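Please open the structure in your viewer and keep the selection panel at hand.

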Amino acid sequence: MMFSKVEKKGLNTPLHKKKNSPKKIILKVFLYAFLIIHSIVVLFPVIWTIGSSLNPGDSLYSSTMFPKNPTFIHYKELFTKTDYPIWYMNTLKIAFMNMILSVILTSFTAYVLSRFKFKGKKLTLTAILVLQVFPSFLTLTAIYVLLMQLNLLNTHIGLVLFYAGAQIPGNTWIVKGYLDQIPRSLDEAARVDGASNFTTFTKIIVPLAKPIIVFLALTSFTGPWMDFIFQRLVLRTADKKTLAVGLLEMVTGQANTKFTTFAAGAILVAIPIVIIFTFIQKYIIEGLSAGAVKS
Amino acid sequence: MEKKKKTMLLSALFMGLGQIYNKQYTKGIAFMLIELIALINIPKFLKALWGLYTLGEVKFHYVNGKAVFDHSIFLMLQGLISVLLLLLLIFLYVYNIKDARDNAEKIEHKKISIHDKIDKMFPFIVLTPGLLSLMFLILLPIIFTVLVAFTNFSAPYHLPPRNLVDWVGFENFKDLFKMDIWSTTLKGTIKWTITWAFLATFTSYFGGLFLAMLINSAEVKLKKFWRSIFILPYAIPGLISMLVMRLMFSGPGIINDIIERIGFPRIDWLTEPINAKIVLVLINLWLGAPYFMALMTSILTNISRDLYESADIDGATGFHKFFHITLPLVFYSTAPMIIMSFAYNFNNFMLIYAVTDGGPVNPEYRYAGHTDLLISWIYKMTLDQQQYHMASVVTILIFLMIAPIVAFTFTRTRSFKEEDLIQ
């Protein structure tokens, strides 16, 4: 491999134009111009939101991107004049519970589906996936009545049970795809040594499946932050309200009168998520491609 | 042989008897308890089935100042839950007989520790929550929605608890296709939904590919720096970005401020149908391209350099190399993601709801605006207008359109292919 590469390079050099020919410089200018313009397009809404949150006024009309006398008053107001801290705590609580429950349920289910044989498995798997397509919020009425029967309306537990249960089929599929790649000989060896299924899973599979489990944990942690449909349905009182519902109401509710406060609230939500995301970026990309075509 | 029949008969007579005869006491008692509970609840089951069949008979009225009524929708759901539970019971009943037979022959029972027993049951214990949630959180709501499509459950005259709901057969389907205002809305919305799903997927796919190639090209330094900036829209919670965009493009928003400063008139971004549609596609590009960029970066780096170098020797242009090497290879490994992305955009409710809310209003449509997708139309019918019957019909239509695509895609994924190796 190495040899052929070197040889080809040697052959190629005369064919190439000299470095820094005018054509190449123009190309480079274009490339960098585009990179910079695109960075501006990406960063513009972010900077605008940050700028707006520092504006002294309240409305969208009077706010500017770079305020003359920036102030943190809206951040202060979030904590003194609105229920923002309650929303934040509620959301954190739901996200955290959902993360733990989803990871446990899904990884175990995926393990069994990846390692055990039983009748009708393939058919069940396909059926699950096709049924998953059904738009989830159309199940609103049914879920509502179901939670009512179980006395779980207006509780965070009810919401989490629903989230964690409803994500099992779809996520199991992704995790199973990853587990299938881990050689079976490893767990068979453990079983020969007398390990139970449970130990095999926790001691052998989990360490090897770390990337996909991190992916699963992250997606189930961030999911509840932005779902307002079910949260609006299930959580009825102000003390149970979450960020998604609270922030949405700030913008769509009373004609943008609380615009700058919304901006501040949005920033405080985005920061932790972006930080988490940056740290485990590589797991996410691995997770995304776990379901890809077999090469 | 004789014993086998005897145990099976015992278990058929009353769940668990066969197991006890086989000296499996714990299992036997568990089965017996299940049957006992089921028997006690027979009146409840019958009532639930009656409810499902009639959807209630007592209209809302007051008796001595107290409201008396049948709630059709609750009855329907209770009926459905009962049907599912009955199916579960039948399954357990059959399993109980099979289990009795299988254990009849093993007369010499090895003493197994509880620990080993639990280990043997491991797959079943683990799969139970998944199966239950599949049944009650996915299957039950789906059957419920399908059933509602055959009722007149809607405001203002058939809304419980004030009124009863009735079964109406295929009336709703007929109305949707035959009644002008419904069929115009349906046709218009389907057309825009498909156009939208196609445009949204196409632009973000090639946008992502372009970004990935740009960063990957030899001329660009600081690759990691650019990549971390470009991935940002994927990391920021989607709803937040969408709401911010909505404000940016609104009448008094910053985009119009800039346009005015340059010397052009302000533009109605979100109140003009065509503009609103363009803005939606652009916002989706901003949100969606990073996902494909992240995906393709690893694919691009995996394409062997040799391919490009031999193409260079053959005197291929950059154009040629893109269409004959890069695109086919990338396309091959991302094909399922394209289809999934199409299905996702087809039902991209969040974006439409957060940015335009389906607006601007279209007077020719019933309960839908110019930019409403099928899914957001359903949302409006359900939550704003309480036209549950029509919403359910449209839901079934969406399902029929999207399910085959998804099923087809998934049979081609790694997860599914691997199955072939096992069976």
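This is a predicted model: local features need pLDDT of at least 70, side-chain atom pairs count only at pLDDT 80 or more; totals for chains, interfaces and linings use all residues.

Into which domains is chain A divided? Select residues 16–77 of chain A for domain 1 and residues 83–291 for domain 2. The centres of domain 1 and domain 2 of chain A, taken over C-alpha atoms, are separated by 33 Å. To the contact between them, domain 1 of chain A contributes 14 residues and domain 2 of chain A contributes ten residues. The size of an interface is often given as the accessible area lost when the parts come together. Between domain 1 and domain 2 of chain A, the buried area is about 970 Å², with carbon and sulfur atoms giving 72% of this area.

Turn next to chain B. Its domain assignment gives residues 2–169 as domain 1 and residues 172–422 as domain 2. Here the C-alpha centres of the two domains of chain B are 42 Å apart. In the contact, twelve residues of domain 1 of chain B meet eleven residues of domain 2 of chain B. About 880 Å² is buried between these two domains of chain B, and carbon and sulfur atoms give 66% of that area.

**Helix pair in chain A**

Select α4(A), residues 84–115, together with α10(A), residues 210–226. Their axes come within 8 Å and cross at roughly 145°, and the crossing of α4(A) and α10(A) is right-handed. Display the side chains at the contact: from α4(A), the residues include Tyr88(A), Leu92(A), Phe96(A), Met99(A) and Val103(A), and from α10(A), they include Ile213(A), Leu216(A), Phe221(A) and Trp225(A). By class, this contact of α4(A) with α10(A) comprises 13 nonpolar, five polar and no charged residues.

**Helix pairs in chain B**

Move to α3(B), residues 25–40, and α4(B), residues 42–54, whose axes are 4 Å apart and pack at an angle of about 55°. Because of this angle, α3(B) is oblique to α4(B). The contact of α3(B) with α4(B) has six nonpolar residues, no polar and no charged ones.

Now select α17(B), residues 374–384, and α18(B), residues 388–410; the axes come within 8 Å and cross at roughly 160°. The angle therefore makes α17(B) roughly antiparallel to α18(B). The crossing of α17(B) and α18(B) is left-handed. Among the contact residues are Trp377(B), Ile378(B) and Met381(B) of α17(B), and Tyr388(B), Val394(B), Ile398(B) and Met401(B) of α18(B). The contact of α17(B) with α18(B) counts eleven nonpolar, two polar and no charged residues.

**Backbone features**

Most residues other than glycine have a negative phi, and most peptide bonds are trans. The final selections concern departures from this pattern.

Where in chain A does Asn151(A) lie? Select the loop between α6(A), residues 140–149, and α7(A), residues 156–179, which holds Asn151(A). Asn151(A) is not a glycine, yet has a positive phi of about 60°.

In chain B, select the loop between α6(B), residues 114–148, and α7(B), residues 171–178, where Pro156(B) is placed. The peptide bond from Ala155(B) to Pro156(B) is cis, its omega near 0°. Pro161(B) also has its place in the loop between α6 and α7 of chain B. Pro160(B) and Pro161(B) are joined by a cis peptide bond with omega of about 0°.

Note on methods. Residues are numbered from 1 along each chain as its sequence is written. Chains are lettered from A and ligands numbered from 1 in the order in which they are written. Side-chain values use heavy atoms; hydrogens and water are left out. Axes are lines fitted to C-alpha atoms, for helices over the stretch in contact, and angles run from 0 to 180 degrees between N-to-C directions. Helices (H or I, at least four residues) and strands (E, at least two) are DSSP runs, numbered from the N terminus. Angles under 35 degrees count as roughly parallel, over 145 as roughly antiparallel, 65 to 115 as roughly perpendicular and the rest as oblique. A crossing is left-handed if the near helix is turned anticlockwise from the far one by less than a right angle, and right-handed if clockwise. Contact means heavy atoms within 4.5 Å. Ala, Val, Leu, Ile, Met, Phe, Trp, Tyr, Cys and Pro count as nonpolar, Asp, Glu, Lys and Arg as charged, and the others, Gly among them, as polar. Domain bounds come from an automatic or database domain assignment. Buried area is the accessible area (1.4 Å probe) that two parts lose on being put together, summed over both.
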